[in-house]
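Here is a short note to go with the structure, written for someone opening it for the first time. Please keep the view beside you as you read.

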Amino acid sequence: MAMAMEMENKVYVAINSDLHDGFLTLQWTLKRWNSNSHPITIVILYASNNICKDYVITPMGKLPVGSLNEEKLKDLEKFEEAKDEKILWRYKVFCGNVKVEAIKIERYDESIQKFMVDLINGLKITKLVMSLTFMKPSSWKSRSAISGSFYVHRQKPEYCELFIVCGGKLVFLREGLIEDDQGIMVAKTRSMRQSFRDLVIKMFPENNSKLKNQSDSNSLSSTSNGEFYQWEKYKEEIENYFCQLLSTNFEEVDDFVADEIVQKKKNITEIVITEHMTVQEKKDALRIKFMKIKEAIHVSKEAAKSHVEGQAKAQWAITLCIRRAEEIDGCINDEIAQKPDLKRELDATKDELSELHTEVEVTKSKLSSILELQRELSNKMQLSSLARSRAEVQVEKALKQRTDTLQEIEEFRKQRDVLRRRIEFCREKDAISNATMLMEPRFEYKEFSAAEIRAATDGFSERMRLKSGGDWTDVYKARLHHISVAIKLYSSADVDSEDTFQAKVKLLSHIRHPHMVSMIGYCSELRCIVFEYMHNGCLRDILFSGNRGSKRRNKVLNWQARIHIVANVCTGLCFLHRVKPRPVAHGNLNPSKILLDRNNVAKIHGVRTPLTCDKSDIRSDIRAYGNLVLQILTGRNWVGLVEEAIMMDQSKLIEVLDPMAGEWPLDIALELGRIGIKCLSIHEDRELNMTSLAREVEKVKKLADEIVANGECVVAKGRYLDGDEDSTEFPNFFLCPIFQEVMRNPHVAADGFSYELEAIQEWLKTGRDTSPMTNLKLKDQHLTPNHSLRALIQDSLKKRPTSTR
């Protein structure tokens, strides 16, 4: 079974040393059978046309075998063998990946067609592709190629498929058909009436195209034109002759048929006359034999005559063909002569094509770069579009948030206005309550004992002593009846006698005003007066940073707070000047005489003791007030800067304003500057009182409040320059009852109150066993850390915004 399959997959191809025809035959075979699903094996039956027993072909032409010695014949055989091996190698290479086998037909004594029939029977060949040139005559006595092909076709076994290929195209012998490039039958040999030239075109198109091109290239010559016309004149007659020969060749030249005719002739001529025949029968037989012989002679004469005519006509056709061949040879020679020029033109064209190919590659590279850039730009555009869409969504959200924020701001402004009004109300209420509290019987001009004063000041401890402008004063911080107070000692230089001290106490006891520092009590033994405690210290320590002392007082005042201080001082000074029955002059108004409470409300202290005054004293207070206004504007002690700036250029005023107050509204700063200069410019012949000044200052204050309320200017809160916290911004229970500062390390004493550890330890070290708050005796001196309060204080400190100068 496997052997049968292998035999079916083998295709035998009979070709000779004609490479062109062999390649075309192999190409036709591969095209017909080779495929990936049904691989085949090609067996090449190779026969060289040079092998013959009668003659050999040498470079000098055909020579009889006997004319050469054995050595020469061996050398010639080796040469031919090497030539055959090379041709076979080229055939195998042409087949590519297809499996190839080769069988060499080295010599044969009988005719090639009989040898092929025996080979088919011996090898059991089922598929045989035979080139028509394979059957070309190899000896002078061999039959024609077509006749030999007919013989093989008729004598082969039925299982063998025979394919005759001529010029790469299939030829059907019996039907006379020939296959074109697309596998279509295009000719019928028996009934064909096509011209010889058409047949040549179908079988050898490349030769015909060359011939046609050569004819076209030589058509310019008049001689060639004449010969061409002569060829065209006899062309039809030669074609008819060729068809006649071809028909005769197909029908009568067949060897097998010819043998049968000869055999019949022999039968006719060899009529046996037996002895049993009668005389008449013998006569009749001889007569018939004679007639047959006569008829055969007549036929032979006619055939000889037709052969002579055919030979003459063949000689005539050969002559024309030779002449035409010579013409073609001439054309070929001309073409060969033109070949160098054509080659140069071809090389030039190849160079141009190469340059064009290079340009095309460069252009492709550029195009590829451009396309890559286009893709990148497209991606970036998509990303940009996406980012833009996202940005638009974010902008819409931001706009919506902005609208909501504006609405919230408006609500906050309304709430702020309400809170401001409440704060003003609370301040006024606080001032009224303080005045009422000071007028209560237990505090009204209360005379404290020396022991109470010493206990409250810790024996006039330096720790309780207050500084002003970096210098120690005779003022001590203390607590009396749970109230923070300031106790001022008067030396003999201040009050030289008891009467003078009592007069001062009596004067201060009559001064009751929200913007005047109130007296709480006094001690005649120690000659000290108890005043209300002003937590933010004096104005001088805040304005003039060069003279700063206590950390608590290093606070920055914004421009609105300064305007309020100017208004408060004006109100207090106006109160002194309007006192009945006669006005009172301060006599020494300056920033050190202005004290600030927790809410930066300004109060005046240090009124001179003699109550007698005249207009000059009043004018002196007004000039001092103008000087104070300009100092509050500039934060400096030299008021000439404002006067020079206003006189030169109003815009120069901005350069001399105190930058610690923030950005002043220019119109308000100018108005305050004019008020200050007006006060400094007062003379005896010019009437100016504090009442009119108070009205002007009140207008400026209202304008400033409106600007802040409308949000036209952001007002910064006061802050400590050295980073300490303002105790007024914390709840009271965050403050140490002794130091009145925010506690860092709060501890609970036996009385249940929390104190700064350092303060309560110093209190107990002095030998005291009473509570600083209740003045009751402490059960013990044990101190317990107040971790909860400490955590609250630290959390509050962390949440406060840090600010720098």
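1. First, the ground rules. This is a predicted model, in which local features need pLDDT of at least 70 and side-chain atom pairs count only at pLDDT 80 or more, while totals for chains, interfaces and linings use all residues. Residues are numbered from 1 along each chain as its sequence is written, and side-chain values use heavy atoms, with hydrogens and water left out.

2. The overall picture. The protein chain holds 21 helices and 20 strands; these are DSSP runs numbered from the N terminus, helices being H or I with at least four residues and strands E with at least two. Of its 805 residues, 37% are buried, meaning under 20% relative accessible area with a 1.4 Å probe, protein chains only. Contact here means heavy atoms within 4.5 Å. Among contacts between residues at least 6 apart in sequence, 66% join residues at least 24 apart.

3. Helix 2 and helix 3. Two packed helices are described by the angle between their axes and the distance between the axes. For helix 2 and helix 3 (residues 70-95), the axes come within 10 Å and cross at roughly 30 degrees. Axes are lines fitted to C-alpha atoms, for helices over the stretch in contact, with angles from 0 to 180 degrees between N-to-C directions. Helix 2 and helix 3 are therefore roughly parallel to each other, a label for angles under 35 degrees. Their crossing is right-handed, that is, the near helix is turned clockwise from the far one by less than a right angle.

4. What meets at that crossing? Leu19, Gly22, Phe23, Leu26, Gln27 and Leu30 of helix 2 meet Ile87, Arg90, Tyr91, Phe94 and Cys95 of helix 3. These contact residues divide into eight nonpolar, two polar and one charged. Here Ala, Val, Leu, Ile, Met, Phe, Trp, Tyr, Cys and Pro count as nonpolar, Asp, Glu, Lys and Arg as charged, and the others, Gly among them, as polar.

5. Helix 4 and helix 5. The axes of helix 4 (residues 112-123) and helix 5 (residues 145-155) come within 9 Å, crossing at roughly 30 degrees. The crossing of helix 4 and helix 5 is right-handed. Gln113, Lys114, Met116, Val117 and Ile120 of helix 4 make the contact with Gly148, Tyr151, Val152 and Gln155 of helix 5. By type, the residues of this contact are five nonpolar, three polar and one charged.

6. Aromatic pairs. The structure has nine of them, counted when ring centres of Phe, Tyr and Trp (its six-membered ring) lie within 6.5 Å; planes over 60 degrees apart make a pair edge-to-face. The rings of tryptophan 33 and phenylalanine 163 have centres 5.2 Å apart and planes at 75 degrees, so this pair is edge-to-face. Tryptophan 33 lies in helix 2 (residues 19-33) and phenylalanine 163 in strand 7 (residues 161-166), so the pair ties together parts that are 130 residues apart in sequence. Both tryptophan 33 and phenylalanine 163 are buried. Ring pairs also link Phe23, Tyr91 and Phe94 into a cluster.

7. One lysine to look at. Leaving aside residues up to four places away in sequence, lysine 10 touches Thr41, Val43, Glu101, Thr126 and Lys127.

How values were computed:
Phe/Tyr/Trp six-rings, centres within 6.5 Å; stacked < 30°, edge-to-face > 60°. Buried < 20%, exposed > 50% of the residue type's maximum accessible area, 1.4 Å probe, protein only. Parallel < 35°, antiparallel > 145°, perpendicular 65-115°, else oblique.
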